[in-house]
Amino acid sequence: MESSVALDTTAQHLLEEIARLRRENASLIELNVALKEGNSALKDANSALKDLVCSLQNERLLLLPQQSERSFRDAMIQTYHDDTCITRLPQELLLRIFLATIPDDYVHDPSISSGPRNTWAVSVSTRRALSLVCKAWYGVATEALYADIVFRRMGQISALARTLRSARVLYGSDPSRFIKRIRMRQCLVRRKCAAVIKQDLAFVLQHCARLIDFEFQPHPQFDEGEADPDNPNSTYNPDWLWELNEGAPGIALVERCASGLRSLSILEGLNTERLSFIHHVLYKGTCLTSLVLGPILHSQGREFHFSLLSAVSLPCLKHLQIDASRQVVQDYIWDMWDAPNLIELTLLNCLDLPGRLLAQLGARLEYLHIVPSRNWSGSASYAVLASLEDHCPVLVHLALPSVPALNLPCEIVSPTLRYLDIWKAPPVQRRRVVELMCEMGHACGLPRLEAVRMFPIGIPVGVCADVPRVCRPKGLEGEETRVRIFPGTRLLETSWALLLETGLPRRCGVKFSAVGFDEDSDADSGSDFHPEDEDEDEDATSWVTEGEEDVIDDDLLEAEADAHSLVSELDRDTILDRNALGLEEDFLFDDD
């Protein structure tokens, strides 16, 4: 009985389990049908998306050629502003790049006599354009623009003074803190404008507290000082730098020397009174590293009693260029100067080798350049060259004129000398002869001699002082050549000589006065042309362009009109207006 009941219970459970499994099977069948329908729908959607993508790609291919040039340029500009590295350069690096647009001094002549299209004018135009590129460049480009200022006309002095005064009144950016160098190149002054120009020049020098380089070069064809005090239109070279009165440019220059001026170049003739001023400047200018002084004039008045002055100490002076034609200058330097760290020395208009001067300044001298005068004799050269080791114990580079009675490489005694440059009238020796001179120097008193070079006499005086220092002998070897461009002349630089350009022949390219490179040539190819033999009466400004001549004629007409007027002096506003009018009528820094 009990066993039958258990069997019935088990059968009942089996029937219920079978029913449950049938229900689950039916549900799975329905779910499978739904999944198949969903899969079919997804396949249809995927096919539709593929068709849409293909359609969009075809539309994009049709739209790309139709894109306008303006849209493309805008996209490029946006990419430039987002990704370029020029916007992320430090200001200091940008300043170095902008200052590199200023050419070296020996390449250009910034005076107005050099014409409108010179290297200096291109540099100024470039720096002015840089300040207008964008706001990010304005500040650093303005600093580069004011870093090097050249006064070529008197109106520029008043214009700069007005700019400095305006900056102080408006409490704006003071450009005087950017001015590092001021050069007055052949800047003439009219007597009726002199009072205002003198005040403005003194103001500029007083307020340029960071000035480190000052240069003054007078016009060689005009007198110094007021030539005709009765004529209000007389033009002359200003001589205000020699005045030590209160408010004068001279006293302002002394203040700049005392505040850190490093380079001073005064190329005006020096007499007894001006040497006293130079001594006063040097007494204050203990920070000077470079000093260039003009020719020494013959004193017709009182003598220069330098024994009454205090000694001058120039511990930072590295470069010196002076006129050694007068014995009084050599005595003055011997007794009053102390320049223990002088490295480069250039002596102009030498009658002979100044042994006493070399004994005073040659302790650390590495570069010595002797520029001869027309009366060069060299009679005392033998004794000085034989004792050069004692005068200049560390001399490396020597440039001096040829002495016909001496074989210079065999007479010089200097264990440290490596480079010897010899000024000689053309025709210069052939290349093999120059190389033999170097070998003879090795065998005599120049064991470290590496190169001997011949320089032609006839290079303009304003250029020859810098030629050995600019044309360094290290740069060339063997058959290599290099053309050096100086104001008014060009030189072909080789490893053994400098060749002077003498003109442009019709069929031969550039012609240089010297022998050919082939040492086996039959005859000398030297030129008979000598610049110093030209007609001295020829006008040095006859080569100016027609536009420049028109400007000069306008000035002459203006001077004639003013001569009939009763105006003896012009005020500052009138000078500024005339300067602005002159800039409009004169050449501009553009390419039109």
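Helix 7 (residues 194–207) and helix 8 (residues 249–258) pack with their axes 8 Å apart and at an angle of about 10°, which makes helix 7 roughly parallel to helix 8, a label given to angles under 35 degrees. This is a predicted model, in which local features need pLDDT of at least 70 and side-chain atom pairs count only at pLDDT 80 or more, while totals for chains, interfaces and linings use all residues. Residues are numbered from 1 along each chain as its sequence is written, and side-chain values use heavy atoms, with hydrogens and water left out.

**Helix packing**
- Among the residues of helix 7 that meet helix 8 are Lys 198, Leu 201 and Leu 205, and the helix 8 side includes Pro 249, Leu 253 and Arg 256, where contact means heavy atoms within 4.5 Å.

**Salt bridges**
- The count comes to 21 salt bridges, each being a side-chain nitrogen of Lys or Arg within 4 Å of a carboxyl oxygen of Asp or Glu.
- Asp 213 forms a salt bridge with Arg 181, with the closest N and O atoms 3.1 Å apart; Asp 213 lies in strand 4 and Arg 181 in strand 2, so the pair ties together parts that are 32 residues apart in sequence.
- Both Asp 213 and Arg 181 are buried, meaning under 20% relative accessible area, whereas exposed means over 50% and partly exposed lies in between (1.4 Å probe, protein chains only).
- Asp 213 and Arg 181 also belong to a network of salt bridges that includes Asp 105, Asp 148 and Glu 215.
- Lys 198 and Glu 243 meet in a salt bridge (2.7 Å, N to O), and Lys 198 counts as partly exposed at 25% relative accessibility.

Methods:
Axes fitted to C-alpha atoms, helices over the stretch in contact; angles between N-to-C directions. Helix = DSSP H or I, 4+ residues; strand = E, 2+ residues; numbered from the N terminus. Parallel < 35°, antiparallel > 145°, perpendicular 65-115°, else oblique.
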